Structure formats: structure tokens, C-alpha cells
Amino acid sequence: MLNDDECIHHKDEDRMNNEFDNLELMEKDVHSSYHTLKRGKNMVTIKCPKCGYVFNRARRNTHLVKKKSHMTFYSKKCIGKFSFHTKKLNIKDRIKIGRESIIREYIG
Ligand SMILES: [Zn+2]
């Protein structure tokens, strides 16, 4: 039996694979931080390419994950103000601005 603060970790991350070799007893705290680390950096600090405001955002909501966009702005207002300028920028420049706007990625 498991204690309340324990759980079974599946080493190959396949919950259906209950082979003895695939199972490991872990404390719940350790278990959740293990998976967070494994998932990697899920937060990003960005400097808005338009207004320069520094903000944090979940990585999945940034251009690092959303393949259609090359930049992430602080607000919709910033996107609007930037867009006329953006039309004159080629893809390479957009990607460069997007990359330079990333201050850090971290686990949050
Ligand atoms: Zn902005």
C-alpha cells in the first residue's frame, strides 16, 4: 500500500506499462518536480518589441511555441502599433526581433 505522500512513477512515462521494472516508488513532491523539470522551461520573460515592457508569459503562449508568429507582444495595443512597421520587415528580421526579445526561459 502507498502512503498519502507517495505515488508510483512510470519510468517510461507510459501509465499502462505496469511491468515491475518500469515502476518506481516516489514521494509526490519529488514526483511532480521531476516531471516539471523533465518538461523543461515552461515560462518566458520577454521584452515587448514595441513598448519595451518586460513581462512573463507561459511559454506555450509565445512565439517560441506558436509557429505562426515570430514575436510576442505585451498587449494587443502593442501588436496594433507595431503591425504597420512589421509589414516592411522581412521574415529574417522578424525572427531576429523575436529572438532578441527573449530575456530568459525558466521553470515556473
Ligand atoms: Zn508592448
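Predicted model: local features only at pLDDT ≥ 70, side-chain atom pairs only at ≥ 80, totals over all residues.
Guide: A pocket, in the sense used here, is an open set of grid points with protein on both sides within 12 Å along at least five of seven lines, and rolling a probe the size of a water molecule over the atoms shows where empty space is left.

Visitor: Which residues are the closest to the centre of the largest pocket?

Guide: Of the 19 residues that line the largest pocket, Ser69, His70, Met71, Phe73 and Ile79 are the closest to its centre. Helix α2, residues 76-86, gives the most to this lining, with 5 residues, and by class the lining is made up of 5 nonpolar, 9 polar and 5 charged residues.

Visitor: Which protein atoms are the donors of the zinc ion?

Guide: The SG atoms of Cys48, Cys51 and Cys78 are the protein donors, lying 2.1 to 2.2 Å from the zinc ion, and these donor residues follow the spacing C-x2-C-x26-C in sequence. Because Cys48 lies in the loop between β3 (43-47) and β4 whereas Cys78 lies in helix α2, the pair ties together parts that are 30 residues apart in sequence.

Visitor: Are Cys48 and Cys78 buried or exposed?

Guide: Both Cys48 and Cys78 are buried, a word that stands for under 20% relative accessible area.

Technical notes. Residues numbered from 1 in each chain as written. Heavy atoms only, no water. 1 Å grid on protein atoms, 1.4 Å probe; cavity = no way out; pocket = protein on both sides within 12 Å on 5 of 7 lines; lining within 4 Å. Helix = DSSP H or I, 4+ residues; strand = E, 2+ residues; numbered from the N terminus. Nonpolar A, V, L, I, M, F, W, Y, C, P; charged D, E, K, R; others polar. Donors = N, O, S within 2.8 Å, 3.2 Å for Na, K, Ca; no water. Buried < 20%, exposed > 50% of the residue type's maximum accessible area, 1.4 Å probe, protein only.
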